[in-house]
Amino acid sequence: DPQQLELTTTSKKKPRRFIVIDEVVDKLYGSKVREYFEENNVQHKILALPTTEETKSMDLVLNILQEVQDFSIDRRTEPIIAIGGGVCLDIVGLAASLYRRRTPYIRVPTTLLSYVDASVGAKNGVNFLQCKNKLGGYTPPVASFLDRSFIQSIPRRHISNGLGEILKMALMKHKGLFDLLKSHGKYLLDTKFQSCSSFSGHGDAALQTTRIAIETMLEELAPNLWEDDLDRLVDFGHLISPELEMRVLPSLMHGEAVNVDMAFMTYVAHARGLIAAEEREQILQCMRGLELPVWHSGCSWALIKRAMRERLKHSGGQPRMPLPTGLGVAEIFNDTSEETLEKAYKLWVRD
């Protein structure tokens, strides 16, 4: 808003910012963040918190809101800033949406998963009654600031975790992205998504991969930001995984649980005759190359049936099951029988 910008830049009042930062990120980058605000003469309050799936609760949201109230912000010109992974961005987004009914906030993702997933879209939320993101809303940030240099300090498993969500978009919408992951997956893991021009034969695979992943995600989310249409290709990998992830915490990270779901659904697609055996194997081979789990002992047949019942409750009585119909193409199906699911499950477990 040009009018607000002029007011802010011409105001003699010292700018103020309230920042929520994940405590691990704070240990690595907190001094740089503080230095930035001090050099720019910004009065600031930095709240470092443990933001994990186990702490992703309404209690943490209320803690943040108490601190926001004590600091006191102008909700028109002083956005709350969230610096951290997807859990941090979700929690802060919900807190901002509740404070004075809607306070602007900015997302600064620091993990690969949050960079390509949580930074895009409008959703925020917390876990409730052992259900993933049961409480939440749709309040988009005023901005997302993307900086891949944060990713260089996260463990290799976290890189792999983020690759799960990138692979989701590749399988649903973009054969070129699938080919990139297949060809450069190990390189991306080794270099932690830092642009390295010295590695011949890879080009700028990190930039290409993240850009295509975000663009395809935006293509899906932008026309349906409030999820008025429940037929969503981005739900691939998210039919079984919410139940699985919460059941086996903390043994599976989000992207890993999503990938276990996608591996099973790849078998479902093959059982339905949507993809050939060769395509199924290409997908599983790519998953393994990205160091993602393709099976988990916690994903029992009973859990799958329970997860599908939950899915029906929250998707208008239809499963709305996104399935690959080739590499990089997909459709949504409502007519997959329990017999087909069970047949696919038995083959998956056998393999």
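**Backbone and pocket notes**

Tutor: E291 sits in the loop between α11 (277–289) and α12 (301–314). Keep in mind that this is a predicted model.

Student: What is the phi of E291?

Tutor: The phi of E291 is positive, about 60°, although E291 is not a glycine.

Student: Is E291 buried, exposed or partly exposed, and why?

Tutor: E291 has 41% relative accessibility, so it counts as partly exposed. The cut-offs are under 20% for buried and over 50% for exposed.

Student: Which loop holds R100?

Tutor: R100 is in the loop between α4 (86–98) and β4. R100 is not a glycine either, yet has a positive phi of about 55°. With a relative accessibility of 48%, R100 counts as partly exposed.

Student: OK, peptide bonds. Is the one from L249 to P250 cis or trans?

Tutor: The bond from L249 to P250 is cis, with omega near 0°. P250 belongs to the loop between α9 (241–248) and α10 (254–271).

Student: Now the second largest pocket. What volume does it have?

Tutor: Its volume is about 1400 Å³.

Student: Which elements give two or more residues to its lining?

Tutor: Those are α1 (2–10), β1 (16–22), α2 (23–39), β3 (80–84) and β4 (105–109).

Student: And how many residues line it, and which lie nearest its centre?

Tutor: The lining has 43 residues, and R17, P79, I81, I106 and F145 lie nearest the centre.

Student: How do the lining residues divide into nonpolar, polar and charged?

Tutor: The lining of the second largest pocket has 22 nonpolar, 9 polar and 12 charged residues.

Key:
Residues numbered from 1 in each chain as written. Predicted model: local features only at pLDDT ≥ 70, side-chain atom pairs only at ≥ 80, totals over all residues. Heavy atoms only, no water. 1 Å grid on protein atoms, 1.4 Å probe; cavity = no way out; pocket = protein on both sides within 12 Å on 5 of 7 lines; lining within 4 Å. Points joined across faces, edges and corners; volume = space filled by probe spheres on them. Helix = DSSP H or I, 4+ residues; strand = E, 2+ residues; numbered from the N terminus. Nonpolar A, V, L, I, M, F, W, Y, C, P; charged D, E, K, R; others polar. Buried < 20%, exposed > 50% of the residue type's maximum accessible area, 1.4 Å probe, protein only.
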